[in-house]
Amino acid sequence: MEKWEDNKAWFLVLPAFVIVAFSGIIPLMTVVNYSLQDIFGPGQAVFVGTEWFKEMLSNHRLHDALWRQFIFSGLVLLIEIPLGIIIALAMPKRGWGVSASLVILALPLVIPWNVIGTIWIIFTRPDIGLFGVGINSLDLLEVPFDHTAKPIYAWITLLAMEVWHWTPLVALLAYAGLRAIPEAYYQAAKIDGASPWATFVYIQLPKMRGVLTIAVLLRWMDSFLIYAEPFALTGGGPGNTTTFLSIYLVKLATMQFDLGPAAAFSIIYFLIVLLFSFAFYQALLNVGRGDKA
Amino acid sequence: MGLVLEKVDKVVSGETHLSGINLEFPAGSRNVLLGRTLAGKTSLLRILAGLDKPTRGRILIDGRDVTGVSVRKRSVAMVYQLFINYPSLTVYDNIASPLKTSGIAKSEIDRQVREIAAMLRIDDLLDRLPAELSGGQQQRTAIARAMVKNAELLLMDEPLVNLDYKLREELRVELQEIFAQRKAIVVYTTTEPTEALMLGGNITVLDEGRILQTGATHETYRNPATVKVAEVFSDPPINFLRGRIQGAKARIGEGIQVPLNGAMQSLGDGEYDFGIRSNHFFLARTGENDCQVEAQVELAEINGSETFIHFHHGDARLVAQEDGIYPHRIGSAITLYVNPRCLFVFDLKGNLVAAPALDSIHERSA
């Protein structure tokens, strides 16, 4: 085969390149540009070098938001991944039950995020919400339940919302992974006299590794970027207790109009997400590969 | 005494998978289950393993009824068509896994694992994970896992199907040596007549959930009881030509004259089906008694170093298997030669009435 003289193929790649440029590269470079300047108004900007980065990295409010964010995302993974696996294991393998459970599981995933916020806010309201009124009528809590009353109440509501919304995704992924295991593996385990726990640890879990890697990555990134739920619930309160990174970022950028620091923050935020996603990916790639002693 | 199946039926949601299975596997015997796909081979293996309960009938081991006994309490090992190993365990741990539950000392486990790994020539791969092995090595690991258990019953469900030709040949030979060293009852399923013949031992020919014939493998190949057995137990499929015996001669197909010989001579006059294995057709005359078959080529299919010539003779569609590669134009006329001593004769009900004598096959291959 001779090589073609005119490489028309480049021409065909061009549309994709233009789209990526407009959706990714140009906005990102604009942010990089802002992060290096102090902007007073349209056309009035001073180059400040890495000053905003230094300021942001030593900003206490950012540190606090970052810790809150880590704790929140960590809790989300700790709850959603095991819960999703348990649901997948409990799901029927054949018959009409399969379609029924798939549809029920998919329901939270097809509801728009702002509707989910509204549903949970109403559900937990202390005056009319089923949960709010219910738990308060039991008279167990020292301070009556109300998301604005105590930070822990806001956190519980947020976690419940997040778990209700996204565990089905983990369950669906895990279920797909489970269904891909050939029946012969289970037979072989039975013949070997393996217990259900051993079957889970040595067959099901390793065989689900691929889909679980994706589930962990998706849930990690997504929960790290959480904005709508705390914004709808308390706007970051009570106090600053549910001010996660994105909430703080939006306050900085659109309420205080500190574009430079906000841009620097965005880049740091972006790098953190990228770094941790990469670390998770690498770790999960190697986990369960057997200890080569 | 071994393993006995008595009138075993298996019906799954109204569909009969096995019907009236009576079988006996003596201790230490090597058994082949031959049948096409969906013949019931795997269903039968699952019942033998104790993974499934038969709908009716009994299973006896050394005279003891084990029909309802769970697989965990039986001494069974199984190798599958898929390469089944624990994905997160190394080859070493995979092989050791059946021993770990048995409470044997660690040093003894180590000795056994290394011995069996050496036998299957995977002793230099013990630290690897299954995903890092080739298909053949994965299946060797699975076989080692089954062997190390030293079970009384070793079941192999088409273990070589997913391997490439070369590896299949290699493992087939090795398996025979390994089986010979073991005292277990081996039950091996296959769809391939060649594989069955290589394994030898006893054969059970299955079709649509029923047993067609049981017996010594080579004996069964020489004397297929019915047309159906002959079809299942030959690859490419055996050829049939309708013919009529009259006096000392038979006329088959489109005027092929066949002098009667051997067992054929005792047959009465009448119509019969004559079976010719595809490897008994030759492109050149091999003896003066050879019958000539005039035919038109439909397709010449080259398979390795052999050529399968599909042709028709009258209305019958036949296949000849020839050593070497022959280009045959589609539609061209050819003449094939068959030694009349190689013919199988079946009555019109499909039962074997005359088979080639042993010496005639020897003469043929000489």
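I started with A:Arg219, which counts as buried because its relative accessibility is 1%; buried means under 20% relative accessible area, with a 1.4 Å probe and protein chains only.

A note on the ground rules: this is a predicted model, where local features need pLDDT of at least 70, side-chain atom pairs count only at pLDDT 80 or more, and totals for chains, interfaces and linings use all residues. Residues are numbered from 1 along each chain as its sequence is written, chains are lettered from A and ligands numbered from 1 in the order in which they are written, and side-chain values use heavy atoms, leaving out hydrogens and water.

**A:Arg219**
I placed A:Arg219 in helix 10 (residues 209-224) of chain A; helices here are DSSP runs (H or I, at least four residues), numbered from the N terminus. Which side chain does the side chain of A:Arg219 make a polar contact with? I found A:Glu80, at 3.0 Å. A polar contact is a pair of N or O atoms within 3.5 Å; within protein, one must be able to donate a hydrogen and the other to accept it, and residues adjacent in sequence count only if both atoms are side-chain atoms.

**B:Gln139**
Next I looked up B:Gln139, in helix 4 (residues 135-148) of chain B. B:Gln139 counts as buried, because its relative accessibility is 0%.

**Helix 2 of chain B**
I then turned to helix 2 (residues 91-100) of chain B: 8 of its 10 residues are buried, so this helix is largely enclosed by the rest of the structure. Its buried residues include B:Tyr92, B:Asn94 and B:Pro98, and they pack against helix 3 (106-119) and helix 4 of chain B.

Methods:
Helix = DSSP H or I, 4+ residues; strand = E, 2+ residues; numbered from the N terminus. Buried < 20%, exposed > 50% of the residue type's maximum accessible area, 1.4 Å probe, protein only. Contact = heavy atoms within 4.5 Å.
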